[in-house]
Amino acid sequence: MTDVVIALLPAVICSFVFYGWGEILVMAVSVLSCVLLEWAITKYMLGKPSTIGDMSAVVTGILLALNLPYTTPWWVVVIGAIVAIGVAKMTFGGIGQNIWNPALVGRVFLLVSFPTYMTAWKQPQGLFGLDAVSGPTPLGAIKEGLMQGSTVQELTSAYNYKDILFANLGGSAGEVCALALLAGFVYLCCRRVIKPWITLSIFGTVALVSLIFWGIDPSRFTDPLFNLLTGGLILGACFMATDYVTSPMSVWGGVVFGVGIGFLTMMIRYFGAYPEGVSFAILIMNSVVPLLNRWFHQKKFGRA
């Protein structure tokens, strides 16, 4: 978990630089709420030794904050932390026993319960005079523009891949810099903390599905590179889908898991009511993990 925190630091720093003190407040409230809630539940409700030393609550707090707009009120962040830690994690017995990714459960709960706060995009006051772009996410802008009769070519002309890779174009803090998230992914792979085949299968499926639809009608469907670099795909694929507890144990189970996430993400993006589908896709596939563990077995140690 400490390695995950280290891997998230580039994205956290970038979010502070672009979104300023508002994001620092959201991050502080989220992390402190998650840690204090886990400590209180283990001490006063479960009567067990504190588990906050394993850093999992810190990871949940960081991931929750990166999934929220920097304008999210502090009390909404606290509610998200209560759902993430109190409902999605500790209800099942704590770390190692939860079915769904806690940060994503908190994020989806807030999206459904407080859609106004979760889609509020205001001009941020970045640190050092560096401002991010206000307005909806690129995926949101594309979705809205297509409903008004515009083509994808007209809508994507305002974006270039250099900006998407290095800087924020509107959205939650975790979408601020794709390069920072990818750097964290490489670090986790080098440290052998995560299962890279899950992330790579997600990226491959998103690229393949979007390539097929883009080839059929480029005026309605976005291209593969745009889908890979925008939204919460990189954050979800690198840091949340790879969670040990909520992902399959076997290699082939992980591949099927990743393919399912990538396919569902693109179906929601192209045909769903929400412009982004990563959170929903991961939670749906989290529910399938017990079946994947049953269908795909690792060879037992010492067995041929």
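Analyst: Helices (H or I, at least four residues) and strands (E, at least two) are DSSP runs, numbered from the N terminus. A pocket is read on a 1 Å grid over the protein atoms alone: it is an open set of points where a 1.4 Å probe fits, with protein on both sides within 12 Å along at least five of seven lines, while a cavity is a set from which the probe cannot get out; lining residues have an atom within 4 Å of a point. The model is predicted, and local features need pLDDT of at least 70, side-chain atom pairs count only at pLDDT 80 or more, and totals for chains, interfaces and linings use all residues. Residues are numbered from 1 along each chain as its sequence is written, and side-chain values use heavy atoms, with hydrogens and water left out.

User: Which element gives the most to the lining of the second largest pocket?

Analyst: Helix 3 does, with four residues. The lining of this second largest pocket comprises 22 residues, and M1, V59, F239, D243 and Y244 are those nearest its centre. Two or more lining residues come from each of helix 3, helix 5 (102-113) and helix 13 (233-240).

User: Is helix 13 mostly covered or mostly open?

Analyst: Burial is judged by relative accessible area: buried is under 20%, exposed over 50%, and partly exposed in between (1.4 Å probe, protein chains only). Helix 13 is mostly covered, with eight of its eight residues buried. The buried residues of helix 13 are L233, I234, L235, G236, A237, C238, F239 and M240.

User: How many aromatic pairs does the structure hold?

Analyst: Rings of Phe, Tyr and Trp (its six-membered ring) pair if their centres lie within 6.5 Å; planes under 30 degrees apart count as stacked, over 60 as edge-to-face and the rest as tilted. The structure holds 13 such pairs. One of them joins W75 and Y117 in an edge-to-face arrangement, with 5.7 Å from centre to centre and 90 degrees between the planes. This pair links distant parts of the chain, with W75 in helix 4 (residues 74-87) and Y117 in helix 6 (residues 115-118), 42 residues apart. W75 counts as partly exposed because its relative accessibility is 35%; Y117, at 33%, is also partly exposed. Elsewhere, F213, F221, Y270 and F271 form one aromatic cluster.

User: Which backbone oxygen does the side chain of S201 reach at 2.8 Å?

Analyst: A polar contact is a pair of N or O atoms within 3.5 Å; within protein, one must be able to donate a hydrogen and the other to accept it, and residues adjacent in sequence count only if both atoms are side-chain atoms. The side chain of S201 reaches the backbone oxygen of I198 at 2.8 Å. A polar atom of the S201 side chain also lies 2.9 Å from the backbone oxygen of W197. S201 belongs to helix 11 (residues 196-216) and is buried because its relative accessibility is 11%. Contact means heavy atoms within 4.5 Å. Leaving aside neighbours within four places in sequence, S201 touches G254, V255, G258 and V259.

User: Where does T42 lie, and is T42 buried or exposed?

Analyst: T42 lies in helix 2 and is buried, since its relative accessibility is 2%. Its side chain reaches the backbone oxygen of E38 at 2.9 Å and that of W39 at 2.9 Å. Beyond neighbours within four places in sequence, T42 is in contact with G47, K48, P49, S50, T51 and M90.

User: What is the phi of M55, and of R192?

Analyst: Most residues other than glycine have a negative phi. M55, which is not a glycine, has a positive phi of about 70 degrees. M55 sits in the loop between helix 2 (21-45) and helix 3 (56-66) and is partly exposed, with a relative accessibility of 24%. R192 likewise has a positive phi, near 55 degrees. R192 is in the loop between helix 10 (178-190) and helix 11, and it counts as exposed because its relative accessibility is 75%.

User: With which residues is P196 in contact, leaving aside its neighbours within four places in sequence?

Analyst: P196 is in contact with F185 and C189 on that basis. P196 lies in helix 11 and is partly exposed, with a relative accessible area of 28%. P196 and V186 are ten residues apart in sequence and 9.3 Å apart in space, C-alpha to C-alpha.
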